[in-house]
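Student: I would like to learn how to read a structure that I have never seen before. Could we go through it together, one feature at a time?

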Amino acid sequence: MDPVRNPYAPGAGQRPPELAGRDEQLRAFDVVLERIARGRPERSLVLTGLRGVGKTVLLNALRSAAVRRSWGTGKLEARPDQSLRRPLSGALHQAVRELGHPDADHVLGVIRSFAEREAGHDAKLRERWSPGIDAPAVRGRADSGDVEIDLVELMTDVGGLAADLGRGVAVFIDEMQDLGPADVSALCAACHEVSQSGLPVIVVGAGLPHLPAVLSASKSYSERLFSYQRIDRLTRAEADRALGAPAAEEDAAYDDDALAAMYDATGGYPYFIQAYGKTVWDLAPRSPITAADVAVGAPEAERELAVGFFGSRYERATPGERDYLRAMADAAPAEDPDNSVGDVATADVASVLGKKPQSLSPARDSLLKKGLIYSAERGRIAFTVPHFGRYLRRHG
Ligand SMILES: Nc1ncnc2c1ncn2[C@@H]1O[C@H](COP(=O)(O)OP(=O)(O)O)[C@@H](O)[C@H]1O
Ligand SMILES: [Mg+2]
């Protein structure tokens, strides 16, 4: 069918033509915004899930919801080995600009001083690290060097500014599991503090399934700060809507068998839905799309996923790490051969490889750091990418 009218959008963070199955989270977030704006205590949302389930696009949708309520918003993506100071300053700078308070110079100066602290006494670095903030730095505020103290001061000042306008500020943090331990702990402490003062500032996070464990290892009260929302594959009905609604917009449709075949192939994972949807559309001769069209398109979709979605990640692993990944796939339980839901015991991986578990720790730690696997529970690991086990068995 006409590729120009192809509605599907495979790709990290690509806004889907139809955001299916996320009404519950959107509704919950509206309640959070309303309550916090009224000075009531409320836990913020943290979205967790595997890669490709739609955390980033949902985070962006939540941000839009905050913007619609005239909140100031900013977003950052955490990176391993990168301090929170600069990206958070950038996000808060944006949020304060969106608030448009006529008298924001003091708060902007505090953001600047928070950002510049990282550069220490290097004047040139300081200059580079406060891009775009015109206000002079406010020395002695948010620049002690203790990130927890500084963050509390910073968020308190930003919250005061928003409260002054009867609005709020929301900071969105993607890939939150990649924050360093000191930053995680400071962030929890600051959220705790502003929520106790009834200030309208929230942090909304998204990350891999072990993010709740990362947060609670840092501060035991984190469970009371955040409401964890597991973002998962779509149900059959939701997946049908994700495919069918955008097609209908283009006066096209799927027949029932085609939808069943699509669900079979995609497992309801949003990334796969977009990828298969896109390829099958292009190859199908006409509407309605049939199961036969899906059968023709599927190998091509799978080839593209093997390169773009799976291969790009597999290539980040060293040969030793690849052996480890393959052993994980081989250790998968019979009832979940694709490792799509379950995890495996590290001891089983070691026995597949015929090695001592300790000797495999470097490979495992490096894979954890690269975000290819995660551990939600001691002694167990899982792929961060759905269907990765299947990919490894077919292409290994
Ligand atoms: N609710 C949804 N319905 C349909 N497609 C979705 C949905 N959520 C995400 N997608 C699609 O899935 C893909 C991955 O989304 P993304 O937000 O990058 O996932 P994640 O951040 O969890 O890795 C994108 O192509 C996006 O368009
Ligand atoms: Mg993402």
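Student: How many Å separate an oxygen atom of ligand 1 from an N or O atom in the side chain of Lys55?

Tutor: Bear in mind throughout that this is a predicted model. A polar contact is read from a pair of N or O atoms within 3.5 Å, and here the side chain of Lys55 places an N or O atom 2.8 Å from an oxygen atom of ligand 1.

Student: How much of ligand 1 does the protein bury?

Tutor: The ligand taken alone exposes 570 Å², and the protein buries 96% of that area. The space that ligand 1 takes is the largest pocket.

Student: Which elements give two or more residues to the shell around ligand 1?

Tutor: They are helix H2 (55-68) and helix H12 (270-283). The shell also draws at least three residues from each of domain 1 (23-230) and domain 2 (234-314), and its residues divide into 13 nonpolar, 7 polar and 5 charged.

Student: What should I look for in the backbone itself?

Tutor: Most residues other than glycine have a negative phi, and most peptide bonds are trans, so exceptions deserve a look. Ser70, in the loop between H2 and strand E2 (72-77), has a positive phi near 65 degrees.

Student: Is the peptide bond from Ser287 to Pro288 cis or trans?

Tutor: That bond is cis, with omega near 0 degrees, and Pro288 is found in the loop between H12 and helix H13 (291-314).

Note on methods:
Residues numbered from 1 in each chain as written. Chains lettered and ligands numbered in written order. Predicted model: local features only at pLDDT ≥ 70, side-chain atom pairs only at ≥ 80, totals over all residues. Heavy atoms only, no water. Polar contact = N/O pair within 3.5 Å; in protein donor to acceptor, adjacent residues only side chain to side chain. Areas by Shrake-Rupley, 256 points an atom, 1.4 Å probe, with all protein chains shown as cover. 1 Å grid on protein atoms, 1.4 Å probe; cavity = no way out; pocket = protein on both sides within 12 Å on 5 of 7 lines; lining within 4 Å. Sits in = over half its atoms within 2 Å of the grid points. Helix = DSSP H or I, 4+ residues; strand = E, 2+ residues; numbered from the N terminus. Nonpolar A, V, L, I, M, F, W, Y, C, P; charged D, E, K, R; others polar. Domains from an automatic or database assignment.
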